Amino acid sequence: MNTILQTVGKDLVGAGKTIAVQNLVENSLTIIGLFIYLYLSTRVPIQAAVIGMGVILLVFILILLPKLASLRRFNPDEYLHGSHNQTSNNS
């Protein structure tokens, strides 16, 4: 997954910027998750907090599930070798 992200990102903005943005997003989400956990752990029993996080994870999985078919159709070799930009003339 990281290889595909970096390959596509290299073409758009450059490899270094792609990695920097990826790290920024991952670290930001980690900090946000920590603050949510700390907030909930002081006000909600730990069992309810764990169940709540599990429900949120389940919702994300259900949102991403329909996109699985398009990921299965994606062929990174086609993208890497540039055949996604070629058009065929069968006339």
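1. Helices (H or I, at least four residues) and strands (E, at least two) are taken here as DSSP runs, numbered from the N terminus. On that basis the protein chain has five helices and zero strands, in the order α-α-α-α-α from the N terminus on.

2. The model is predicted: local features need pLDDT of at least 70 and side-chain atom pairs pLDDT 80 or more, while totals for chains, interfaces and linings use all residues. Residues are numbered from 1 along each chain as its sequence is written, and side-chain values use heavy atoms, without hydrogens and water.

3. A pocket is an open set of points on a 1 Å grid over the protein atoms alone, where a 1.4 Å probe fits, with protein on both sides within 12 Å along at least five of seven lines; lining residues have an atom within 4 Å of a point. The largest pocket is lined by Gly 33, Ile 36, Met 53, Ile 56, Leu 57 and Phe 60. Helices α2 (15-43) and α3 (46-64) each give at least two of the lining residues, and α3 has the largest share, with four.

4. Val 8 lies in helix α1 (residues 2-12). Its relative accessibility is 28%, so Val 8 counts as partly exposed. Between Val 8 and Thr 18, ten residues apart in sequence, the C-alpha to C-alpha distance is 8.9 Å.

Technical notes. Buried < 20%, exposed > 50% of the residue type's maximum accessible area, 1.4 Å probe, protein only.
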